[in-house]
Amino acid sequence: GLTVVGLAPQLAEYFGAAGGGVLITEVRTGSTADRAGLKAGDCILRINGEAVVAPAEFNRLIEDSLTAASGARPAEVNISMVRERMVRSLKLDL
């Protein structure tokens, strides 16, 4: 339910994510990401403690979380992100 792009060093500095990550450019209304509170302009730094350095890495970590979850319960993903130059954490149920 969202679109991400890689963060070039200047953008990472601008958004307060000097360590890198991916930038959310779009969140689809009504999607899981929208319901969790993610917004365009958020920078995702880590998923389940693993650094996110590129969109492909983001996709792999989400897919790994879905694969690891048992069929009886939804996958839960812990996200570390930067919003308005402050690091925040949230849980996303996939």
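A residue is called exposed when its relative accessible area is over 50%, buried when that area is under 20%, and partly exposed in between. These cut-offs are used below for several residues of this structure, which is a predicted model. The protein has an average pLDDT of 89, and 94% of its residues reach at least 70. Among the elements, strand E2 (residues 22-27) has the highest mean pLDDT, 96. Helix H3 (residues 55-68) has the lowest, 88.

Strand E5 covers residues 76-83 and strand E6 covers residues 86-93; the two pair in the antiparallel sense over eight bridges. Within this pairing, Ser 80 is opposite Ser 89 of E6. Two residues lie between the strands, and Glu 84 has a positive phi near 55°. Arg 85 is also in the loop between E5 and E6, and its phi is positive too, at about 65°, although Arg 85 is not a glycine. Is Arg 85 buried or exposed? Its relative accessibility is 55%, so Arg 85 counts as exposed.

Arg 83 belongs to strand E5. Because its relative accessibility is 16%, Arg 83 counts as buried. Leaving aside neighbours within four places in sequence, Arg 83 is in contact with Gly 37, Leu 38, Lys 39, Asp 42 and Arg 88. One of these, Asp 42, sits in the loop between H2 and strand E3 (43-47). The side chains of Asp 42 and Arg 83 make a polar contact at 2.7 Å. Asp 42 has a relative accessibility of 2% and therefore counts as buried. With neighbours within four places in sequence again left aside, the contacts of Asp 42 include Val 22, Leu 23 and Ile 24. Gly 37, Met 81 and Val 82 are also among the residues that Asp 42 touches.

Asn 48 lies in the loop between E3 and strand E4 (50-51). Asn 48 is not a glycine, yet it has a positive phi of about 50°. At 37% relative accessibility, Asn 48 counts as partly exposed.

Helix H2 (residues 32-36) contains Asp 34. With a relative accessible area of 32%, Asp 34 is partly exposed. A polar atom of the Asp 34 side chain lies 2.8 Å from the backbone nitrogen of Gly 30. Beyond its neighbours within four places in sequence, Asp 34 is in contact with Val 27, Arg 28 and Thr 29. Which distance separates Asp 34 and Gly 1 in space, C-alpha to C-alpha? The two are 7.4 Å apart, while 33 residues apart in sequence.

H3 gives the most, with four residues.

Note on methods:
Residues numbered from 1 in each chain as written. Predicted model: local features only at pLDDT ≥ 70, side-chain atom pairs only at ≥ 80, totals over all residues. Heavy atoms only, no water. pLDDT = per-residue confidence, 0-100. Pairing = 2+ DSSP bridges. Buried < 20%, exposed > 50% of the residue type's maximum accessible area, 1.4 Å probe, protein only. Contact = heavy atoms within 4.5 Å. Polar contact = N/O pair within 3.5 Å; in protein donor to acceptor, adjacent residues only side chain to side chain.
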